[in-house]
Amino acid sequence: MSTLYGRGSVAGLPTFDRCAVMGVVNVTPDSFSDGGRWFDTTTAVKHGLDLVTEGADLVDVGGESTRPGASRVDEAEELRRVVPVVRDLVSEGVTVSVDTMRAKVAEQALQAGARLVNDVSGGLADPAMVPTVAAAGAPFVVMHWRGFSEDMNSKAVYEDVVGEVVTELHARVEAVVAGGIAPEHIVIDPGLGFAKQAEHDLALMAHLADLRSLGRPILVAASRKRFLGRVLAGPEGAPPPARERDAATAAVSAIAAHEGAWAVRVHEVRATADAVRVARAIQGAKGAK
Ligand code: PMM
């Protein structure tokens, strides 16, 4: 593994002395790995609070599934799902991020107290997103994205996945900064599973340090994704279901933390909270030889 680097910090968010843990609350009936489980406001809020008890530093609230093939939810429904959950978690003192591709949802979530906008399209899906986040002075996740979930698998074509993701993310960061979002507010994300096959995700994890050339903190969201299912597949080739991929997710969290990721985004927090603490302790022991 490569040497450790500083993981960076994001203006407007708490600072962490280790890789931060972002717990996921999907307020959706059809999400990729935990769809339907936290679908009403009360259940979703309780789940978010449980994630904080288990060690989440931030809670990411989303109301639209981005699993491959998913169709889009309408804006009114997304607002109805997301905003009350954000408001209630914020009132309990939780640092909330909002997972949305819509400017209106971002705006209302920020008004409800969200601190970070996590847009899997990096501002491409909604032209109003970048101006909205810029005007609010909020931190923003720029994820590598090539198109909506309906047909993103057809865009998983690369000659050099790491180089192309770095180049495309660089262009997005420049566009977002040109649109008025401060560089110190930007987090980058390789977008594991988005227009990527398993081998692309593995190559990106193997070369996570290459993303550091962009000079911004890195978010890694590997939790329960297909590439882990592929790695864990039995002799018949059948991948375990998403909810049986949490140990593998924690392994990725340890690697991401070791490689200097700013945060990891996970569904099951407890094991990842341990993993990032162990990574931190090992890093701390480096000088103790
Ligand atoms: N993946 C999902 C949703 N949101 N946000 C970021 N920043 N990066 C990701 O890779 C990402 C994301 C996929 O859906 P899930 O909530 O079921 O994991």
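Buried here means under 20% relative accessible area, exposed over 50%, and partly exposed in between, with a 1.4 Å probe and protein chains only. The model is predicted: local features need pLDDT of at least 70, side-chain atom pairs count only at pLDDT 80 or more, and totals for chains, interfaces and linings use all residues. Residues are numbered from 1 along each chain as its sequence is written, and side-chain values use heavy atoms, with hydrogens and water left out.

**View 1. Strand 1 and its two faces.** All residues of strand 1 (residues 20-26), 7 of 7, are buried, so the strand is largely enclosed by the rest of the structure. Strands and helices are DSSP runs numbered from the N terminus, of at least two residues (E) for strands and at least four (H or I) for helices. In a regular strand, side chains alternate between the two faces of the sheet. Ala20, Met22, Val24 and Asn26 point one way from strand 1, while Val21, Gly23 and Val25 point the other way.

**View 2. The neighbours of strand 1.** Two strands count as paired if DSSP finds at least two bridges between them. Strand 1 runs parallel to strand 2 (residues 58-62), joined by 5 bridges, and Met22 has Leu58 of strand 2 as its bridge partner. Strand 1 also runs parallel to strand 8, with 4 bridges between them; here Ala20 is partnered by Ala263.

View 3. The 8 strands form an open sheet in the order 6-5-4-3-2-1-8-7, with parallel pairing. Strand 6 (186-189) and strand 7 (219-220) are the edge strands, each pairing on one side only. Strand 7 pairs with strand 8 (residues 263-266) in the parallel sense over 2 bridges. Leu219 has Ala263 of strand 8 as its bridge partner.

**View 4. The chain as a whole.** The protein chain has 9 helices and 8 strands. Its radius of gyration over C-alpha atoms is 18 Å, close to the 19 Å of the globule rule (2.2 Å times the number of residues to the power 0.38) for 289 residues, so the chain is as compact as a globular protein of that length. The C-alpha atoms fill a box of roughly 50 × 45 × 40 Å along the principal axes. Buried residues make up 54% of the 289 residues. Of the contacts (heavy atoms within 4.5 Å) between residues at least 6 apart in sequence, 70% join residues at least 24 apart.
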